[in-house]
Amino acid sequence: MKITKTLNFVEKIFFTAFLICAGIVMFLPFYWSIITSLKPDSEIFSIPISWIPKTITLEHYYNAFTTVDFARFFINSFFLASFGVILNLFFGSLAGYSFAKLHFKGKDLAFKILPSSFMVPGIVTMIPQFLLLKNFPLAGGNNLLGQGGMGMLDSYWAILLPGAAGTFAVFLMRQFYQTLPDELGAAARIDGASEFAIFFRVYMPLTKPAMAALSIFTFQAGWNNFLWPMIVLSSPEKSTIQMALQAFSYNRSTDFGAMMAGSLVAILPMLILFICAQKHFVKGIAFTGMKT
Amino acid sequence: MGWLFILPSVVLFMIFVALPALSAFYLSFTDYDILTETEWVGLANYAMLLKDKIFFISLKNIVFYVALYVPLMVVFSLSMAVAVNQSFRGVGVFRTIFYIPSLTSAIAASTVWLWILNPHYGVLNQVLAAIGIVGPAWLAMSSTAMMSIVMVTLWQGAGGNMILFLAGLQGISKELYESAMMDGAGRIQSFFRITLPLMRPTTFLVIILSMIGSFQLFDQAFALTQGGPGYATMTPVYMIYNEGFNLLNMGYASSMAVLLFLVILLFTILSFKLNKDEKEMKK
């Protein structure tokens with residue numbers, strides 16, 4: 001390993017040791033869960049550890065998928081996370097663009113109120129949000145006063161609507177729209193384009209990097225979300241993959257092979273997304289970190 | 001036109017953030033269990049809360065957790081960032097390896113760590129055994145359960161903060177280090193005299209974000225230990241979840257949420273003040 005020339009011998013050893021130790025600690029859980037998921041039970045519980053599986057089997061994946069309908073929960077979560085991305089992208093872009101490029105009465109006031117939501121931890125709004133969704137007028141068998149039915153509980157709207165109310169998307173998009181020149185819109189306005197067309201045709205296509213970062217964050221948040229879906233969803237078939245995985249590992253707490261198989265399946269979409277969009281992950285985190 | 005564009009976001013914000021946030025305070029002064037009418041009880045919930053031993057334990061637990069987690073998080077993620085900010089062959093591989101734990105969900109990570117921390121067959125105790133240490137039953141003992149959760153959340157959280165630090169480090173000009181070196185400053189000296197002071201805003205951001213997040217610890221405590229053994233890993237959010245959604249004491253649970261909010265607010269204000277004071281002292 002070639003390290004910057006100015007390091008002396010002792011520093012080099014220290015630096016390399018740190019890298020290797022940290023690398024092992026961070027990577028070992030992945031390696032350990034992968035080999036466990038591929039070993040037969042007899043080898044999982046062998047002492048000392050067999051670091052390289054002697055026999056490779058897919059029975060744990062088969063077991064996990066046949067005892068629990070992981071495929072269905074996978075699709076549920078995928079739908080929830082993707083739809084959440086679309087809502088956040090659209091509403092976030094629309095409002096972010098408006099805050100950055102349009103002039104209207106009360107804009108400054110509205111923009112001052114939004115950050116207050118950063119100060120409110122999610123836990124504070126949890127119970128009122130639940131009651132609100134339950135008593136939502138004319139939803140899920142409710143009457144006009146919000147009584148009689150389940151409201152929006154046990155429907156995916158209970159997850160998607162509060163999720164679309166995120167002010168994070170508005171902020172991120174506003175910051176990005178501010179870096180774009182005003183002249184683009186002015187030129188299109190002279191050509192007689194409508195305000196929505198200017199936003200949608202002229203500006204929005206230029207914000208691809210910001211939209212990519214926002215999509216990744218929103219997808220990850222939606223895919224990994226656990227507590228809120230557990231609270232609002234009651235029909236077993238509507239469960240998310242995280243709920244299913246938690247229930248599975250709680251009920252079959254010694255079936256480690258299948259537990260590891262399930263966990264890896266639950267991580268897989270994020271890994272694939274990371275491999276495909278690595279650049280945007282790093283840029284996105286750095287961008288939001290510096291602007292907040 | 002401008003209003004029309006922000007209208008969807010404003011309406012959603014009002015309905016799903018502003019209104020619930022205000023109702024939380026109202027609910028905390030009521031007795032409400034969904035089935036019967038809401039009843040105004042004044043400060044009764046808060047009086048009960050002050051005598052609630054388990055809630056007090058959960059507060060103690062979370063302060064212990066935050067006090068352990070946040071400083072360790074800063075040390076780990078900053079060291080990793082400094083390491084992968086050097087240029088050497090394979091640096092990209094290390095950046096990736098350090099970052100990928102941040103992609104995992106709390107539930108998947110907890111499931112994997114249940115197996116890592118297994119007292120007999122888990123990899124951690126087997127590695128310890130190889131060097132002659134008898135590892136504890138990590139999650140089954142009240143003395144190590146919370147530390148295990150710190151370990152899992154550090155593993156998961158360090159990568160994201162590393163990227164924040166890395167972005168900050170890359171903003172520091174190389175000339176500063178070069179001129180310091182010419183003045184005879186060593187590597188360690190330049191770290192403490194140049195890197196740390198210039199990384200102050202990033203460090204502060206990481207501290208505030210980790211703090212607010214870790215005060216609301218739930219997923220890992222739920223999936224790894226179910227709040228146990230005993231109440232060793234019971235957290236305030238876990239209490240609110242139990243009280244509100246299992247026992248349906250929505251009013252009482254709201255008073256817990258308000259109190260936790262005040263605790264978080266207090267620590268946040270304190271950090272801002274400390275940050276400001278130290279800045280002024282330096283001037």
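How near do the axes of helix 4 (residues 70-101) and helix 8 (residues 157-164) of chain A come, and at what angle do they cross? In this predicted model, the two axes come within 9 Å and cross at roughly 30 degrees. Since angles under 35 degrees count as roughly parallel, helix 4 and helix 8 of chain A are therefore roughly parallel to each other. Their crossing is right-handed. On the helix 4 side of chain A, the contact is made by A:L80, A:F83, A:G84, A:L87, A:N88 and A:F91. Helix 8 of chain A brings A:I159, A:L160, A:G163 and A:A164 to that contact. By class, the residues of this contact are seven nonpolar, three polar and no charged.

**The two chains side by side**

Let us step back to the chains themselves.

| Item | Chain A | Chain B |
|---|---|---|
| Helices and strands | 16 helices, zero strands | 13 helices, two strands |
| Span along the principal axes (C-alpha) | about 75 × 70 × 35 Å | roughly 75 × 60 × 40 Å |
| Buried residues | 40% of 292 residues | 43% of 283 residues |

**Where the chains meet**

The contact between the chains takes 75 residues from chain A and 68 residues from chain B. On the chain B side, the largest share comes from helix 1 (residues 2-27) of chain B, with 17 residues. The chain B residues that touch chain A divide into 51 nonpolar, 14 polar and three charged.

One residue gives a local view of this meeting. A:P128 lies in helix 7 (residues 122-134) of chain A. Leaving out residues up to four places away in sequence, A:P128 touches B:P20, B:S23, B:A24 and B:L27. Is A:P128 buried or exposed? A:P128 counts as buried because 22 C-beta neighbours lie inside 10 Å, and the cut-off for a buried residue is 20 or more.

A pair of helices gives another view. Helix 1 (residues 9-38) of chain A and helix 4 (residues 91-99) of chain B have axes that come within 8 Å and cross at roughly 40 degrees. That angle makes helix 1 of chain A oblique to helix 4 of chain B. The crossing of this pair is left-handed. Here A:L19, A:A22, A:G23, A:M26 and A:F27 of helix 1 of chain A meet B:F94, B:I97 and B:F98 of helix 4 of chain B. The residues of this contact comprise seven nonpolar, one polar and no charged.

**An enclosed helix in chain B**

Why is helix 12 (residues 236-246) of chain B described as largely enclosed by the rest of the structure? Eight of the eleven residues of helix 12 of chain B are buried, so the description follows from that count. The buried residues start with the run B:P236, B:V237, B:Y238, B:M239, B:I240 and B:Y241. B:E243 and B:G244 complete the list of buried residues in helix 12 of chain B. Just after helix 12 of chain B, the backbone has a feature to look for: B:L248 takes a positive phi of about 60 degrees.

Note on methods. Residues are numbered from 1 along each chain as its sequence is written. Chains are lettered from A and ligands numbered from 1 in the order in which they are written. This is a predicted model: local features need pLDDT of at least 70, side-chain atom pairs count only at pLDDT 80 or more; totals for chains, interfaces and linings use all residues. Helices (H or I, at least four residues) and strands (E, at least two) are DSSP runs, numbered from the N terminus. A residue is buried if 20 or more other C-beta atoms lie within 10 Å of its own, exposed if 12 or fewer, and partly exposed in between; C-beta atoms are placed from the backbone. Two residues are in contact if their C-beta atoms, placed from the backbone, lie within 7 Å. Axes are lines fitted to C-alpha atoms, for helices over the stretch in contact, and angles run from 0 to 180 degrees between N-to-C directions. Angles under 35 degrees count as roughly parallel, over 145 as roughly antiparallel, 65 to 115 as roughly perpendicular and the rest as oblique. A crossing is left-handed if the near helix is turned anticlockwise from the far one by less than a right angle, and right-handed if clockwise. Ala, Val, Leu, Ile, Met, Phe, Trp, Tyr, Cys and Pro count as nonpolar, Asp, Glu, Lys and Arg as charged, and the others, Gly among them, as polar.
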